[in-house]
Amino acid sequence: MVQMRDRPRQKSCGSQARPLIVPSSAGGGHDNAARVWAKCAEKYAGVQINIVNQAAGAGVVAFTEVMNAKTDGLTLGQASISLVSDQYLVEGATYNQDSFAYIGMNSMDVNNLVVSAKGPYKDMDLKEFIEYAKANPKKVRIGVSGSWTNHDYTRHLLEQTSGAEFTRVSIKGGANIVLGILGGDLDAGVPYPSEIKAQVEAGNLKILGLSGDERSSFWPDVPTFKEQGYDVNLAVWRAIILPKDTPQEILEGWRDIYEKTMSDPETIKEFENVGIAMSHKNAEETKEYIDTSHDVYKAIIDSGVVKQ
């Protein structure tokens with residue numbers, strides 16, 4: 001079998017399928033982004049890329065597996081903000097943003113505050129919803145995914161900037177949060193676009209606002225939190241990673257595959273179809289962005305709020 005090191009560009013890279021380890025359960029934004037990228041990258045990799053969902057240990061198991069994998073280019077991972085925050089929050093996390101080699105960023109999603117379009121908040125706008133939550137502390141149950149993901153940071157900043165106080169309900173995966181809202185077990189959530197797209201289009205969920213500097217291309221009529229007076233502007237990034245000491249020729253091979261994949265019109269279409277915002281950043285740009293992201297999240301963690 002020809003190894004990945006023999007394929008820095010377009011040579012054959014063998015027939016063995018490549019696992020892409022994702023630190024989340026199936027059905028959420030993290031998983032959706034990985035599946036779209038893997039499907040489109042197979043065209044240039046010349047091999048199957050299999051998604052391996054590994055949510056055990058709040059994602060620690062997934063990151064540890066990638067970090068300790070052989071440096072032969074056969075095992076990839078997809079990282080998100082927990083890569084920079086786990087070192088401060090999760091017991092057993094022995095990695096940080098310097099523990100991996102980067103291929104590139106594939107997506108960046110905003111969080112969307114949603115309620116049931118048929119429930120008690122269906123006629124409220126964001127301000128009315130916030131005022132209700134302020135008048136009824138802890139009554140509004142808001143679902144967040146896992147242990148302090150971007151769902152939690154968005155919830156925290158909404159509370160901080162508005163004075164509202166929600167009841168935090170931790171559930172694994174945005175898909176399960178959506179089910180909780182539709183079933184009446186949750187009042188609201190802040191999932192990613194791909195996690196809510198089908199239910200929004202079906203008229204079952206209502207978006208009250210979203211993070212980001214500008215309105216989403218998926219829902220241009222929905223104003224941002226900032227437009228509505230709440231300075232909440234965190235976006236979740238996702239990046240393809242390999243073990244840190246992977247040889248340069250293997251890294252270049254995967255970076256070449258990444259560039260071709262991200263420049264392909266079919267990739268752009270696939271991301272749009274599932275409701276995920278692409279983010280095309282090369283390895284150097286990705287590492288720089290992640291280093292800045294680390295500083296932002298560490299400042300929030302150092303404030304002590306995560307320990308609440």
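This is a predicted model: local features need pLDDT of at least 70, side-chain atom pairs count only at pLDDT 80 or more; totals for chains, interfaces and linings use all residues.
Buried here means under 20% relative accessible area, exposed means over 50%, and partly exposed is anything in between, using a 1.4 Å probe and protein chains only. Residues are numbered from 1 along each chain as its sequence is written, and side-chain values use heavy atoms, with hydrogens and water left out.

Pro23 sits in the loop between strand S1 (18-22) and helix H1 (29-45). Helices (H or I, at least four residues) and strands (E, at least two) are DSSP runs, numbered from the N terminus. Contact means heavy atoms within 4.5 Å. Setting aside neighbours within four places in sequence, Pro23 is in contact with His30, Gln54, Ala55, Gly59, Ala62, Phe63 and Gln78. For a sense of scale, Pro23 and Lys118 are 95 residues apart in sequence and 33 Å apart in space, C-alpha to C-alpha.

## Asn53 at the end of S2

Asn53 belongs to strand S2 (residues 49-53). With 28% relative accessibility, Asn53 counts as partly exposed. Leaving out residues within four places in sequence, Asn53 is in contact with Val22, Ser24, Ser25, Ala26, Asp31 and Arg35. Gly27 is 26 residues away from Asn53 along the chain, and their C-alpha atoms are separated by 9.9 Å.

## Two buried helix residues

Which helix holds Ser85? Ser85 is in helix H3 (residues 82-89), and it is buried, at a relative accessible area of 1%. Beyond its neighbours within four places in sequence, Ser85 is in contact with Trp148, Tyr153 and Ile301.

Ile177 lies in helix H6 and is buried too, with a relative accessible area of 0%. Not counting residues up to four places away in sequence, Ile177 touches Gly143, Val144, Ser145, His151, Ile171, Leu186, Gly189 and Pro191. Pro247, on the other hand, is 70 residues from Ile177 in sequence and 40 Å from it in space, C-alpha to C-alpha.

## Salt bridges

How many salt bridges does a search of the whole structure find? It finds 18, where a salt bridge is a side-chain nitrogen of Lys or Arg within 4 Å of a carboxyl oxygen of Asp or Glu. One of them joins the side chains of Arg141 and Asp187 (3.0 Å, N to O). This pair links distant parts of the chain, 46 residues apart: Arg141 is in strand S6 (residues 141-145), and Asp187 is in the loop between helix H6 (174-183) and strand S8 (188-189). Arg141 is partly exposed, with a relative accessible area of 29%, whereas Asp187 is buried at 10%.

Glu252 and Arg255 meet through their side chains (3.4 Å, N to O), and they lie three residues apart, about one turn of the helix. Glu252 is partly exposed at 27% relative accessibility. Lys260 and Asp256 also form a salt bridge (2.8 Å, N to O), this time four residues apart in H8, again about one turn. Lys260 counts as partly exposed at 29% relative accessibility, but Asp256 counts as buried at 9%. Elsewhere, Asp152, Arg155, Glu159 and Arg168 are linked in a network of salt bridges.

## A negative patch

Glu259, Glu284, Glu285 and Glu288 gather in a patch of negative charge on the surface. Patches are made of residues with over 30% relative accessible area and no salt bridge, with like charges joined within 9 Å and nonpolar side chains (Val, Leu, Ile, Met, Phe, Trp, Tyr) within 5 Å. Helix H10 (residues 283-302) supplies the largest share, three residues. Glu259 lies in helix H8 (residues 248-263) and counts as partly exposed at 30% relative accessibility.

Most residues other than glycine have a negative phi. Lys138 has a positive one, near 70°. Lys138 is found in the loop between helix H4 (126-135) and S6, where it counts as partly exposed, at 47% relative accessibility.

Methods. Accessible areas come from the Shrake-Rupley method with a 1.4 Å probe; for residues, only the protein chains shown count as cover. Lys and Arg count as positive and Asp and Glu as negative; His and the chain ends are not counted. The place of a charge is taken as NZ of Lys, CZ of Arg, CG of Asp or CD of Glu.
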